[in-house]
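Welcome to this guided tour! Open your viewer, get your selection tool ready, and follow along one stop at a time.

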Amino acid sequence: MAAPLPVYLPWLMTAGFGWLYYRRIRRHFGWQPWRPVRNIVRIVLLSVLGLLLGWGAMYLQHAAPGMLMGAAAGIALGLFGLKHTHVSLRDGRPGYTPNPWIGGVLSVVLVGRLAWRWYGGAFSQSMTQGGGNISPLTMGLVAALLSYGLVQAIGLSVQLREH
């Protein structure tokens, strides 16, 4: 009875990732209630992932320049996005309206890049090639998304603390 599971596993994983990205992209539109505990968890998680990505750049030297440029672009976009994020109260509850275009476009570009790599067969190749099939562009987009999210989370924490 357990044999059919591997046949459906790629479809289940794709559906799961699709759902996660739908939720992520949805958070870029409209007023969002402020959840300080969730934001602290987000800051810690993104910091750990950023450190792991930086550590991985030491071993994926061909992708390191892309990661560095992506991180710099993500920081710049995060600071720009914070200037266009509106903090407000709704029913006495603090919240914010993020700039929908920056975060949404970054998310869609990453999903599109991953789909392109998947279509090209990059994820079906052996990973024993020393990271040779890991694209600097994809890793740069990952770094941009991580650094953008970290700047946004820290910036929102500072802005909402002032209100």
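Which residues form a nonpolar patch on the surface, and how much accessible area do they have together? Select Ile 40, Val 44, Leu 45, Val 48, Leu 49, Leu 52, Trp 55, Met 58 and Tyr 59: these residues make up the patch, with about 940 Å² of accessible area together.

**Before you go on**

This is a predicted model, in which local features need pLDDT of at least 70 and side-chain atom pairs count only at pLDDT 80 or more, while totals for chains, interfaces and linings use all residues. Residues are numbered from 1 along each chain as its sequence is written, and side-chain values use heavy atoms, with hydrogens and water left out.

**The whole chain**

Switch to a cartoon view. The protein chain has five helices and three strands, and from the N terminus on its elements run α-β-α-α-β-β-α-α. Helices (H or I, at least four residues) and strands (E, at least two) are DSSP runs, numbered from the N terminus. Of the 163 residues, 36% count as buried. Buried means under 20% relative accessible area, exposed means over 50%, and partly exposed is in between (1.4 Å probe, protein chains only).

**Back to the nonpolar patch**

Patches are made of residues with over 30% relative accessible area and no salt bridge; like charges are joined within 9 Å, and nonpolar side chains (Val, Leu, Ile, Met, Phe, Trp, Tyr) within 5 Å. A salt bridge is a side-chain nitrogen of Lys or Arg within 4 Å of a carboxyl oxygen of Asp or Glu. Accessible areas come from the Shrake-Rupley method with a 1.4 Å probe. Now pick Tyr 59, which lies in helix 2 (residues 36-59). Tyr 59 counts as exposed because its relative accessibility is 59%.

**The positive patch**

Next, select Arg 23, Arg 26, Arg 27, Arg 35, Arg 38 and Arg 93, which form a positive surface patch. Lys and Arg count as positive, and the place of an Arg charge is taken as CZ. Zoom in on Arg 23 in helix 1 (residues 4-26). With a relative accessible area of 34%, Arg 23 is partly exposed.

**A loop with a positive phi**

Move to Asp 91, in the loop between strand 2 (86-90) and strand 3. Phi of Asp 91 is near 55 degrees, a positive value in a residue other than glycine. Asp 91 is exposed, at 81% relative accessible area.

Asn 99 sits in the loop between strand 3 (93-97) and helix 4 (100-119). Is Asn 99 buried or exposed? At 14% relative accessibility, Asn 99 counts as buried. A polar atom of its side chain lies 2.9 Å from the backbone nitrogen of Trp 101.

Finally, find Ser 157 in helix 5 (residues 136-162). Ser 157 is buried too, at 15% relative accessibility. Show side chains here: a polar contact (a pair of N or O atoms within 3.5 Å, where one must be able to donate a hydrogen and the other to accept it) of 3.1 Å joins Ser 157 and Arg 161.
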